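Please open the model in a viewer and keep the selection panel at hand.

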Amino acid sequence: MENQSRIEKRRKNLFILSQLVIVVLAIAVGYFGHNLILRHQNDLALLKQARQIVIDNALVEAPPSDTEMEYGMIQGMLTTFGDPYTVFFPPAAHEVKSNTLAGSFGGVGVRLERDSDSHWRVYPLPDSPALAAGIQDADILMAVDDRTITTETAEVDLLAAVRGPVGETVSLTLRRDEEEITVDIRRESVPIPSAAWNLIPNTPEIGLIHVYRIAETTSDEITSGIVDLQGQGAASFILDLRNNGGGLVESGVDIARLFLSEGNVLHEQFKEESETVFEVKQPGPFADLPLAVLVNGNTASSAEIVAGALAAHERAPLIGAPTFGKTTIQYIFDLQDGASIHVTSGRWWIPGAVFPLQPDIAVSDDPDGTAAVQAALDWFSANTP
């Protein structure tokens, strides 16, 4: 009986102790949880207060949607960094920009143009899926899938709607005279050229390579252009980087490697990371090609990588006006709805080059762009056998 009494007493004490522990834990959870909730409520408290004030008091017929206000908040936040390259892109703009840097997109092969009444009209390109589907010049675009197209539809939103993954089908609703037509078209890969080329008129031994942007495909396009013009008799080349705002850093490095035989092209470093050096691993296919490079104040970013690397290696003269001087690198972060934030996260530099780049042959007054080309022709005349 005495042992049984001890066991019951011990059980009673354990029960009381467990209840005390539960009470203490409940108090602790309540205390810390309350503080956590208070801290959460204070997160962006001014922003929430300002948003509610505007919603309650703004005299507008069509207030912006929650998404539009979120985008505005993000854009405002990024401006506080004081960096013109840390920016926000809504989903449509992000998609179009990504297509441009990739050098291709999934599309149906149409040119879009507004008429005098601001309607969007479509013009099918030769041998395009749109032409095969029966689309005719000047058909008015009324809808893309379930999205209505109006005179208020922005071009970037329209491009994003028509484009999409290769192999998927898009439905276009069109108005032709008084008839409304709907066609389903399977998207195909459509290239976005980043370069074009031609022989210099009256000087067929010199080829001109225009480079509009630095995309994934640009190095291959330049190679194709040079080979094509060499087949037509060109022996010397002008690489025109004027009004080229840049693009992909590594693609700029690849272009420079085409014309270099050895050495380093570029050094880059990201936040809290070690320095990376991009080298010429083997002589480029055009390392011995007579070359001149045209630049101006709109030659920027990875286009400056190309010009700067060639200048630092004394590979080609720079002709034109000082370049823009952008030596930062942006990481692109995708948001959950297809929008993106571009954040300046790194810098690059080229030993022996100072940015903005100063031309070896300055051409200050060149409104139609011909003076710089003529300066390059004069340089070839004086420096090639």
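Against which elements do the buried residues of α9 pack? They pack against β12 (236–240), α8 (249–259), β13 (264–270), β15 (291–295), β16 (318–320) and β18 (340–349). Helices (H or I, at least four residues) and strands (E, at least two) are DSSP runs, numbered from the N terminus. This is a predicted model, in which local features need pLDDT of at least 70, side-chain atom pairs count only at pLDDT 80 or more, and totals for chains, interfaces and linings use all residues. Residues are numbered from 1 along each chain as its sequence is written, and side-chain values use heavy atoms, with hydrogens and water left out.

**Helix α9**

Select residues 302–312, helix α9: 9 of its 11 residues are buried, so the helix is largely enclosed by the rest of the structure. Buried means under 20% relative accessible area, exposed over 50%, and partly exposed in between (1.4 Å probe, protein chains only). The buried residues are Ser 302, Ala 303, Glu 304, Ile 305, Val 306, Ala 307, Gly 308, Ala 309 and Leu 310. Next, select Glu 314, which follows α9 and has a positive phi, near 50°.

**The nonpolar cores**

Now select Ile 222, Leu 239, Phe 259, Leu 266 and Val 293, which touch the most other members of the largest nonpolar core, a set of 41 residues. Such a core consists of buried Ala, Val, Leu, Ile, Met, Phe, Trp, Tyr and Cys residues joined through side-chain atoms within 4.5 Å. Two or more residues come from each of β11 (203–211), α7 (218–231), β12, α8, β13, β15 and α9. Another core, of 21 residues, lies apart from it and includes Val 144, Leu 158, Leu 172 and Leu 174.

**Helices α7 and α8**

Display α7 with α8: their axes come within 8 Å and cross at roughly 30°. Axes are lines fitted to C-alpha atoms, for helices over the stretch in contact, and angles run from 0 to 180 degrees between N-to-C directions. The two helices are therefore roughly parallel to each other, a label for angles under 35 degrees, whereas over 145 counts as roughly antiparallel, 65 to 115 as roughly perpendicular and the rest as oblique. Thr 218, Ser 219, Ile 222, Thr 223 and Ile 226 of α7 meet Asp 254, Ile 255, Leu 258 and Phe 259 of α8, contact meaning heavy atoms within 4.5 Å.

**Helices α4 and α6**

Finally, select α4 (residues 91–102) and α6 (residues 155–162), whose axes come within 8 Å and cross at roughly 65°. These helices are therefore roughly perpendicular to each other. Their contact is made by Ala 92, Ala 93, Glu 95 and Val 96 of α4 and Val 156, Asp 157, Leu 159 and Ala 160 of α6.
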